[in-house]
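Here is a short report on selected side-chain features. Please read it alongside the sequence and the structure.

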Amino acid sequence: MPIKISAALLSLIIFAAVVFAAFRLVNVVTQEHDGWDIYAPVDVTTNPLLVEPAGALTTDDQDTLNSVVMAGRRDWGLPWSILVAELPGDGSTGESAEEIAARRMAVEPVESSEGAGDGLLMVVTVPEDDRARTDVAFATGPNFYPKGGISPERLAYIADVQMVSLIEEGRIGDAVVEGATWVLWTQLFEPQPNPAATNLQRGLQDLLVPLGAAGFALLAGVVAASAGAALALTLRGSATTPDPASLDGVTAAATSRGRVDRQVITGVLLDALDRGVVVLRPDGSLSASPTGTTTVRDRDSAMLEAIARLNTGDRNGIDAQAAQMRHDEVLRHFLEDAMATGGYFYPGSPRVTRWLCWIALAGIGLGVLATVIAVAGDSAPAIAAALALTVVSLVVLIWNDRRSWATWVGRRAVRDWRRAHTSADDRERVLYEVIVGMETIDLLPANASPITPGAQPLFSILNS
Amino acid sequence: MIEQFTPGNLQSSWTVRRDRARTVLRLRPAILVPFLLFVLSISINMAHVATTEFHPDETRWINRAHYFTDLRDPFGPTWEDQYITRGQPPLGSYLMGLGLLLQGRDTTTNGVWDFAYGSEWNAIAGAMPEQADLEAARRINAVVGAVAVVVVYFIANALAGPVAGAAAGFLLAIHPLHIWIASQALSDQLLILLVSLTLLTAIRLGNRPGRGSALLLGVLLGLGGAAKLSPLLLSLPLAVYGVGLLVLAQIGLANGARARSLGPLLIAQPTIAFITFVVAYPYLWPDPIGRTWQVFQTRSQEMEEQSAAWPGVAIENPVDALTRIYDRLTWQFSATGNLAEDILGWFRPGTSVWGIDLVLAAVGVAVLAWLVMHRGLASGTALMTFLMAGQAGAIIVGMRVDFYRYHLPIALVVAILFGLGTKLIWQWLANRGGARIWNLVPGIAVEPPVAPARIEDRNTIDSSTGASVNRPAQTGSQ
């Protein structure tokens, strides 16, 4: 399949992806937002702080705690309250902090709205006779989690470890402030625990690990191996050994470039013009030389036939003619066949290039699909393998489009030819350099260009 | 009549560069100069690692070093939708993690620094990194900064030759802001490394349009976005540039062949960059577009809050930003000013000198504009200029707070332009009184202009080949 059709397919896929992305972006941008989504302010059904009796904490401690709780509600979207209750006795009898928290949460739930069930209640019980036995417990609504980094284990850590030293010192107010601060810090800075896997994710994970991941990796290997095989076949070439006498500037340049591309065809035309085989007529069109005294090579004959095929009713200026000739498949195939016959190109290159293109495209398609499935299944090994498949296939597709068709013996022949043609007077070497460096000749300053200033306009036209 | 081709000028253009058979392994300035710049930069950076003032921001980057090892679990708790993960893209954290592992440390480091509390509280809370972790993280940045200096050399060299490259690399290596940030554990050095690699790739892409270079450019923009967001946005105006090239080529204002090969490659940049950005950031995988939007929103909101929290350094508009940049890079962070003060300080301590970094950079702007006009809008020079202007513009327009590290990409741009300005002055000086007097080091010197060769004979038939061969009667001074 010609490369331009594969490029069209790729463009279609990219276009579809871009359209989908554009719709999604519009949807996201026009959605109403209230501050940071994960931290929108909340109103809560209960008071931020309850102290029973009122004198259980100092006024300063109560003011500080009110600020902390309100900051959590306003800045971090945490619907919570704190209850500090002084209990008679030494705390060895009566309800525990945990029981009190559960009872209070059931009777008067802490939540952002009625029925939401998304709040947190922190209860601190302070025995009147033994303040060192102060107990801390947390109760959450059924819809509280996930809430940032907060988890039951981390709340227990706050209660059992982080508040303990201040409680033992009898600094109850400071301990409650410390605990409340750690609750906010935990919500903000601890990583959020993963939610439980859904049935779909579990099913996909069973499928993807290890079979799916291994399969994707194997496909990536197949694509890479196909590219390697193409390279090996090309380098091995056919049984034909290049004849050094047949090697000229155009053939050497085509071998160096690895393809009969637009630069090589332009070079063939330049060579024919320079030797007088083709002339530029007064009307700006190309034609065979009327004198017929210049030696005409096979390549020149093919060039002349290509000129003859130019649409006579549409014989525009030289720039249009040159452009048409660069797209002349008959001329290109003739030149490629000549390169293959001479042993410079691998004869099966077009077929191998087509096959490899299809393999790479299939790899890209499968890789993208595999990536989507792996993301849906939350499977890291499968994602790695799917990405490898996609990237390897993409690289092979790009490489295949430009890879050299030159054989190993052909490259060696050109290397030897270059060593033998180093003189600045060597016309064939000049032509070789023009073709090989054609993309950047126009960037060279005039005194370093292989094209004379007088020939520059014509060269620019032919190279446009 | 059609002019014949002449081989007369090829001696310098292809015999040395292209003929690999004659390449001799020797110490060439093209390798020596960047190597020396690297050694200079890394020496300076490393010397400051132990002495540069601590900044609390460093603790955040060291804390997130575990992102690198957590890539093994891309659906784990690290990548859930939460403040820390949304607040900064991950590439700088990956670099921290990788660097710590390479230096024998692990990625379990300090806790998260809470800026609502002071140093003492955070130290008690475990947010202060160990000294060994801090220095290891700083050494990573020292290396990255030195590599950025080398890349800057290659950028300026590609634009205007080795003199420009050496000047640009040297300025950045001794730039006080660059040294300061390269000896701290932040992610800004990674940003300028990626930006400079992007600029270099743009030059290559513009000069030789190809899918490989286009893919690399998009990947670098995406990685830049994964480091600091802003480079990702540069892919959008690049696509517009590609469309513009095609339109200009239609009306004859740009090279047609080059525009047609380059334009589509630029149009594809946003897609490549965005895909790279998403692939590098597991947090985005469940909802690439929605979560990307959230990341940008969060960043924008944080900038506004910083501006409100520090009114003394708040920036009101781009003009204010330009004024701040001028002040910072002329008085506080000027390479030439610091260098002059150090030298003059031997004779008269406490001398204050006005730095000329921005002056020479302004000259460099004119040089760059001339190069763009001369080489065309479809050249690598024009593409690089567009990208560089876009990056600088994004910073100037988007800056809401005058934090010192936000000026580092501007310092990068100043260094490149400084190199161009220096080259112009060097050339001007060299053209007066003979070029040889300025040929101090091979490869960093002014080459005398080469007279073009002329054809005297035309179409001498070579009877052995049957082809007509050019035979120049006179060649230039080769």
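Leaving aside its neighbours within four places in sequence, which residues is Arg257(A) in contact with? They are Gln263(A), Val264(A), Ile435(A), Val436(A) and Glu439(A), where contact means heavy atoms within 4.5 Å. This is a predicted model: local features need pLDDT of at least 70, side-chain atom pairs count only at pLDDT 80 or more, and totals for chains, interfaces and linings use all residues. Side-chain values use heavy atoms, without hydrogens and water.

Arg257(A) sits in helix α8 (residues 249-257) of chain A. Helices are DSSP runs (H or I, at least four residues), numbered from the N terminus.

**Salt bridges**

A salt bridge is a side-chain nitrogen of Lys or Arg within 4 Å of a carboxyl oxygen of Asp or Glu.

| Pair | N to O distance |
|---|---|
| Asp174(A) and Arg171(A) | 3.0 Å |
| Asp271(A) and Arg275(A) | 3.2 Å |
| Asp81(B) and Arg86(B) | 3.1 Å |

Buried means under 20% relative accessible area, exposed over 50%, partly exposed in between (1.4 Å probe, protein chains only). Asp174(A) is partly exposed at 34%, and Arg171(A) is partly exposed at 39%. Asp271(A) is buried at 0%. Arg275(A) is buried at 4%. Asp271(A) and Arg275(A) are about one helical turn apart, because four residues separate them in helix α9 (residues 262-275) of chain A. Both belong to a network of salt bridges that also includes Asp248(A) and Arg427(A). In chain B, Asp81(B) is buried at 16%, and Arg86(B) is buried at 3%.

Technical notes. Residues are numbered from 1 along each chain as its sequence is written. Chains are lettered from A and ligands numbered from 1 in the order in which they are written. Helices (H or I, at least four residues) and strands (E, at least two) are DSSP runs, numbered from the N terminus.
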